[in-house]
Amino acid sequence: MLKKGKKEEKKRSVLEEEQMQSPFRTILKRLCENKIAMGAAIVFCTIFLMCFILPVWLKQDMNYQDPTQKNIAPGMKFLDVPKELQGNVKKIEAGPTFGVGIDNDGVVYEWGTLTDRLKQIPGDMGKVVDIAVGQDHVLALNEEGELFTWGFNRMNLNRIPTELKGKKVKSISAGFQVSIVVLEDGSVVKWGNENAIDVVTSKVKDEKVKSVKTNIQTGLALTEDGKLIPMAKRETAFDAIPEEIQGKVKDFALTDKTAFALLEDGTLACWGANDYKIQSIPEEIDGHVESLSAGRNHVVALLDDGSVKAWGGNNNKQIKVPGDMKNIVAVSSRYYQNYAIDKDGNVKTWGLKGYLFGTDNLGRSVALRMLKGGQMTMTVGFVSVIISLVIGIIVGGIAGYYAGKIDIILMRVAEVVGSLPFIPLALILSALIGNKVSEIGRIIMIMIILGILSWPGVANMVRAQVLAERQKEFVTAAKALGVRERNIIFRHIVPNVMTIIIVNATLAFATCMLTESGLSFLGFGVGEPIPSWGNMLNNCRSSEVISEFWWRWVFPSIALALCTISINLFGDGLRKAVDPKSNER
């Protein structure tokens, strides 16, 4: 009997099966059978979850800017040290998006995101014994004391001063569009862009300099007798060198705003700003530091036991030192990249590997801003739809139920609002009110404007559905029982047409997202520094960005297109599931 029952169940027609299902289950089954709609739902849910969940871990400062990282192409190759260099490395220096190293045979290697000029390594350098890397150029010294430079070639940076010919070089360094050489006699020679960073050689004219180090603003010089000398023409925070450390300095390092000095007894001294609590030097390294290196906002110390310790800013995991750091003999840290060389000549790396979707004109990660921008765009669209639904359901429900004069008045009001030119009116209201409120207030205002100006369509649809439902028996029964008219409208009639409302809301959500993006693109929506997909595209209107920095507009455009298309496809599938005969009409 059981087997017979199963056979009969299999033979049951589709119509008979649907008659035994609830309307909701029937709609859900039809929707699940629509592969396009379900695929679109998966795409949208994936984008939605990424935008609202990933920022919990991938935090970002809305006001963050970094000129050294601007307009970087997508890629994760900043720390891809060539295999040929492993086991034979002599020195490594890091640039903002690339690295340069030399092996024990004096061969130069480059990796990372390189400009065409940086790839043009001179072929006649011979055996290179030292290198220095600036923002976008490289300075090299061979065993015969000759200097070579390549990369950025303006502001006389590519011209080695004639006064250096025949002179013995003690050390070399490179900063933002400048090159600095310390000669054996302790004198310092600088060339390149005189206005790039505040470094003047006259400050150390009568001193015997050992080495010079720079950051993006200025530089310090270390003399042979252990004194530090600020090289800025104007007074800066780096001038406040503690008097008690002068004559005891063994090494030093500069971040953007803080200076660190390594004393002869292995202890550290620091002065300047305390951003990222960078002056909180770990207690366990006191007296054990062998050498120092620093990036833009972090410091790395090599200890006497061959281990490495880092502290300071960690926005690019630049202080997350790998746990296998042993027998390290040299450390090089610049910008957000770190390289450690062990006694066998192998290189270990940590820090910024690159940017998945590149960076914008202010050095901000496009991927991170897309996540926050999607969060903002979808929030504005969702709240706007809720506002329009509330107004539309109330107006449409009342107009459809009472009909007569009330219907005529409300529908004429809806027609007036619906006839208003939406985009021009939104631009005018945003321009008049937007500058008088805060950025959060501006966002709230955009939500309200979108919601208030888009309710007439919802009201017309609800009115039509209520007019069809108000003559049915359940409404007559409710009236006979003495149910209040507002309860009949919103507790009995509206729930019966809710599926149609949901379908309309789904399609309106995509429209509101596009409208917000359009307003932001025109400069009247969400403003900087708060990101939205619209204002991200607003910054990409120039022909230079479109042709040269394609990643800045391609990825936000793809995200917005995928999101709106998937919502529309899902809404269309939901409409077919609710009303299968709609395709025949």
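What is the strand order of the open sheet of three strands, and is the pairing parallel or antiparallel? In this predicted model, the order is β7-β8-β9 and the pairing is antiparallel; strands here are DSSP runs of E of at least two residues, helices are runs of H or I of at least four, and both are numbered from the N terminus. The edge positions are taken by β7 (169-175) and β9 (188-192), each of which pairs on one side only, where pairing requires at least two DSSP bridges between two strands. Direction ignored, neighbouring strands of this sheet are turned by 15° against each other on average, with axes given by lines fitted to C-alpha atoms and angles running from 0 to 180 degrees between N-to-C directions. Strand β8 (residues 178-183) is joined to the antiparallel β9 by five bridges, and S179 has W191 in β9 as its bridge partner.

Residues are numbered from 1 along each chain as its sequence is written, and side-chain values use heavy atoms, with hydrogens and water left out. Because the model is predicted, local features need pLDDT of at least 70 and side-chain atom pairs count only at pLDDT 80 or more, while totals for chains, interfaces and linings use all residues.

A pocket is an open set of points on a 1 Å grid over the protein atoms alone, where a 1.4 Å probe fits, with protein on both sides within 12 Å along at least five of seven lines; lining residues have an atom within 4 Å of a point. Of its 44 lining residues, L58, Y355, S365, A367 and L368 are the closest to the centre. Helix α4 gives the largest share of this lining, seven residues. The second largest pocket, with a volume of about 1000 Å³, is lined by 42 residues, and K91, E93, K213, L292 and S293 lie nearest its centre.

Two individual residues complete the picture. N316 is found in the loop between β18 (308-312) and β19 (328-334), and counts as buried because its relative accessibility is 15% (buried is under 20%, exposed over 50%, partly exposed in between, with a 1.4 Å probe and protein chains only). A464, in helix α9 (residues 456-469), counts as partly exposed at 42%.

Technical notes:
Grid points are joined across faces, edges and corners, and a volume is the space filled by probe spheres set on the points.
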